[in-house]
Amino acid sequence: DKNKKVSPLFLQKTIYKKIKKENNASGLLVPISEIYLCPGTHINTGNPTNKIETNKLIDNIVLFLSKINQNILDASSFKYLESIKCDYLQKSLRFKFPNLKFIKSNKNTYDISKKFKLTVETANSTGFLESLNLNIPIIFIYDKKYCSLRKSAIKDYNMLKRVKILHNSPEEASKFVNENYDKLEKWWNSKSLQKVKNDFCYKFARRSNSPLKDLKKALYHGK
């Protein structure tokens, strides 16, 4: 309803947090979770909701990593969240990448990301929004087969595509990483990317330096 007044609220989880990359940060961090196979969860959230869609996500990760240069791959890790008693994703990816490290942790992805040059998300998750909110270099491999976007958000996600944060295929994403791995900081800090990222975050993952003041403003409809 266009007549409704909406005041975007900030992302509470990242209040006052700052993440600084370690000087020797290297490789890629690829978050994965078994929660996609848990019945009754993640319906209409832009993530896989069944085994067929989960297999497609696995295929995308395998295709992406199989095309990554070996020196980058050697320094990379999966960040594994065991949210349910299931190890389907882990077993599938261990079979394909037996030498790749799995970091099993309940810590937030952004806390672990400081050791890596780039985070690679394959689902439209809160982790993706949190990384953008904290200005952490990240890319998102988007697949419309299991990631739905509401019509009002498509234009905003297309803007992420223009600055190479969003990629429509694993091949496109791996090509970008291989070609830009040694200049990721320059890419991420460019004025064009930062503007797009900040505009996107204002709508979907807003940051606040005065959370109490902004909360009061939101509660009173911007007054």
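**Entry 1: disulfides.** I looked for disulfides, meaning pairs of cysteine sulfur atoms within 2.5 Å, and the structure holds 0. Cys147 is buried at 1% relative accessibility. Cys201 is buried too, with a relative accessible area of 7%.

**Entry 2: what I'm working with.** I note that this is a predicted model, where local features need pLDDT of at least 70 and side-chain atom pairs count only at pLDDT 80 or more, while totals for chains, interfaces and linings use all residues. Residues are numbered from 1 along each chain as its sequence is written, and side-chain values use heavy atoms, with hydrogens and water left out.

**Entry 3: the whole protein.** I found 10 helices and 6 strands; these are DSSP runs numbered from the N terminus, with helices being H or I of at least four residues and strands being E of at least two. Of the 223 residues, 46% are buried. I also looked at contacts (heavy atoms within 4.5 Å). Among contacts with a separation of 6 or more, 75% come from residues 24 or more positions apart.

**Entry 4: salt bridges.** How many salt bridges does a search of the whole structure find? I got 5, taking a salt bridge as a side-chain nitrogen of Lys or Arg within 4 Å of a carboxyl oxygen of Asp or Glu. I wrote down some of them.

- Lys91 and Asp87 meet through their side chains at 3.8 Å, N to O. Lys91 is exposed at 55% relative accessibility, and Asp87 is partly exposed at 32%.
- Asp156 pairs with Lys203, with the closest N and O atoms 3.1 Å apart. Asp156 sits in helix 6 (residues 151-162) and Lys203 in helix 9 (residues 191-204), so this bridge ties together parts that are 47 residues apart in sequence. Asp156 is buried, with a relative accessible area of 15%, whereas Lys203 is partly exposed at 48%.
- Lys195 pairs with Asp199, the closest N and O atoms being 2.9 Å apart. Both lie in helix 9, 4 residues apart, about one turn of the helix. Lys195 is exposed at 54%, and Asp199 is partly exposed at 42%. I remind myself that an α-helix has 3.6 residues a turn, so residues three or four places apart point the same way.

Entry 5: I checked the length of helix 9 next. Its 14 residues should span 20 Å at 1.5 Å a residue, and its end C-alpha atoms are 20 Å apart, which agrees; the expected span is 1.5 Å times one less than the number of residues.

Which residues of helix 9 are buried? I listed Leu193, Gln194, Val196, Lys197, Phe200 and Cys201.

What covers the buried residues of helix 9? I found that the cover includes helix 5 (126-133), helix 6 and helix 8 (184-188). Helix 6 is also where Asp156 lies, the partner of Lys203 in helix 9.

Conventions: Buried means under 20% relative accessible area, exposed over 50%, partly exposed in between (1.4 Å probe, protein chains only).
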